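Here is a short note for a colleague opening this model for the first time. Please read it with the structure on screen.

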Amino acid sequence: MTIQEIYELALEMGMNADPRGIASVKRYLEKNKKRYEELAEKKKKYFDKESLVNPYSDTRVFASDPKKQVKKILAGIDANATEVLLTDRLNQQGAKIDLLIGHHPEGNAFASLHEVMDLQIEVSAEAGIPIHLADALLRERMRDVEVGIHPINHNQTIDAAKLLGIPFMTLHTVWDNLGDHFIKQHLKDKEFDTVGEVMDAIMEIPEYQESRRGKAGPIVVSGTHNSKAGKIAIFFTGGTNPSKEWYMELAKAGVGTIIDMHIKEDAMKELRKLHVNIINAGHMSSDSIGANIFFDALEKKGIEVVPCSGLIRVKRK
């Protein structure tokens with residue numbers, strides 16, 4: 001496969017697993033196209049034209065020839081300048097790695113992380129938060145994330161990749177969508193009385209079993225294993241965590257148990273007061289689920305994957 005074909009496969013898989021549904025994603029792309037067409041000519045040169053075909057601003061290709069053939073990939077949850085140097089060093093030893101893939105975004109994919117958070121608006125409505133309220137709260141949070149990320153050195157990793165000639169790709173929301181879909185499918189036909197029963201079902205997943213061995217497995221951070229589970233909501237995608245106020249509205253909507261990768265401490269403390277259960281499934285392990293689904297697809301096409309930097313590689317049939 002070429003780098004471009006790998007990128008296009010990632011987008012296809014991510015859109016098909018998007019919790020909003022493929023029709024909603026296509027409408028999103030159409031709105032981007034209309035917005036671009038309505039721009040003044042002097043502003044069009046600054047428009048991210050990739051967003052006309054890719055709905056995920058945190059998923060991009062850097063420092064690469066799209067036609068380059070790929071036989072071997074080095075992949076990690078975090079891929080920064082360290083992994084760029086690791087790729088170069090491994091190639092010096094004869095590893096013949098053609099592409100570095102990271103999950104967490106770098107470069108302009110990191111600078112625009114806030115843009116993918118609008119995915120959470122429709123997901124919030126499905127969980128019971130009125131959509132106008134979810135929209136307002138998430139727009140505020142998106143602005144905070146944008147301002148918080150703005151001063152960071154976004155291109156440090158990209159510059160290192162360019163200088164060393166290492167093709168590089170980040171697949172963030174794409175993998176999160178795949179993981180989110182997998183967890184929902186895994187739990188959807190099961191009935192749960194207690195949080196402990198939910199935890200037992202989560203622990204059936206190999207990535208979580210491995211993370212438990214490494215002392216970073218799923219944990220209950222609000223409530224107990226004996227707490228009644230109630231209505232369960234799963235949030236594994238959408239850029240980063242929403243605001244504390246958003247979580248409060250989720251509690252008002254009657255959600256009894258939240259399953260996520262991680263949660264900010266201020267929101268966790270408030271949810272404890274409201275007796276909402278929280279299961280932190282784990283960050284590296286949860287990210288690894290979506291990654292593994294994608295890499296299984298690549299390996300079927302004959303591409304070798306070398307895991308690093310937090311990726312818990314589990315192969316499924």
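1. **Ala63.** This is a predicted model. Start in the loop between strand E1 (60-62) and strand E2 (72-76), where Ala63 lies. The phi of Ala63 is near 50°. That is a positive value in a residue other than glycine.

2. **Ser309.** Now go to the segment after strand E9 (304-308), where Ser309 is found. Ser309 is not a glycine, yet its phi is positive, at about 50°. What is the relative accessible area of Ser309? The value is 25%, so Ser309 is partly exposed.

3. **Ile312.** Stay in the segment after E9, which also holds Ile312. Ile312 counts as buried, because its relative accessibility is 17% and the cut-off is under 20%. Ile312 and Ile77 are 235 residues apart along the chain. Their C-alpha atoms are separated by 9.0 Å. Which residues touch Ile312, leaving aside its neighbours within four places in sequence? They are Glu207, Glu210, Ser211, Ser285, Ser288 and Asn292.

4. **Arg141.** Helix H7 (residues 131-149) contains Arg141. Please check this side chain. Arg141 is buried, yet it has no salt bridge. How far away is the nearest side chain of opposite charge? That side chain is Asp144, at 5.3 Å. A salt bridge requires a distance within 4 Å. Neighbours within four places in sequence aside, Arg141 is in contact with Met117, Thr240, Asn241, Pro242, Ser243 and Lys264.

5. **Helices H1 and H9.** Next, a helix pair. Helix H1 (residues 3-16) packs with helix H9 (residues 173-187) at an angle of about 40°. Their axes are 8 Å apart. H1 and H9 are therefore oblique to each other. The crossing of H1 past H9 is left-handed. Which residues meet here? From H1 come Ala10, Leu11, Met13 and Gly14. From H9 come Val174, Asn177 and Leu178.

6. **Helices H4 and H8.** Here is a second pair to view. The axes of helix H4 (residues 81-92) and helix H8 (residues 156-164) cross at roughly 15° and come within 8 Å. H4 is therefore roughly parallel to H8. H4 passes H8 in a right-handed crossing. On the H4 side, the meeting residues are Ala81, Val84, Leu85 and Asp88. On the H8 side, they are Thr157, Ala160, Ala161 and Leu164.

7. **Helix H10.** How many of the eight residues of helix H10 (residues 195-202) are buried? Six are, so H10 is largely enclosed by the rest of the structure. The buried residues are Val195, Gly196, Val198, Met199, Ala201 and Ile202. Now look at what surrounds them. Among the helices, these buried residues pack against H9 and helix H11 (206-213). They also pack against strand E5 (219-222), strand E6 (231-235), strand E7 (255-260) and strand E8 (277-280).

Key. Residues numbered from 1 in each chain as written. Predicted model: local features only at pLDDT ≥ 70, side-chain atom pairs only at ≥ 80, totals over all residues. Heavy atoms only, no water. Helix = DSSP H or I, 4+ residues; strand = E, 2+ residues; numbered from the N terminus. Buried < 20%, exposed > 50% of the residue type's maximum accessible area, 1.4 Å probe, protein only. Lys, Arg positive; Asp, Glu negative; His and termini not counted. Contact = heavy atoms within 4.5 Å. Axes fitted to C-alpha atoms, helices over the stretch in contact; angles between N-to-C directions. Parallel < 35°, antiparallel > 145°, perpendicular 65-115°, else oblique. Left-handed = near helix turned anticlockwise from the far one by under 90°.
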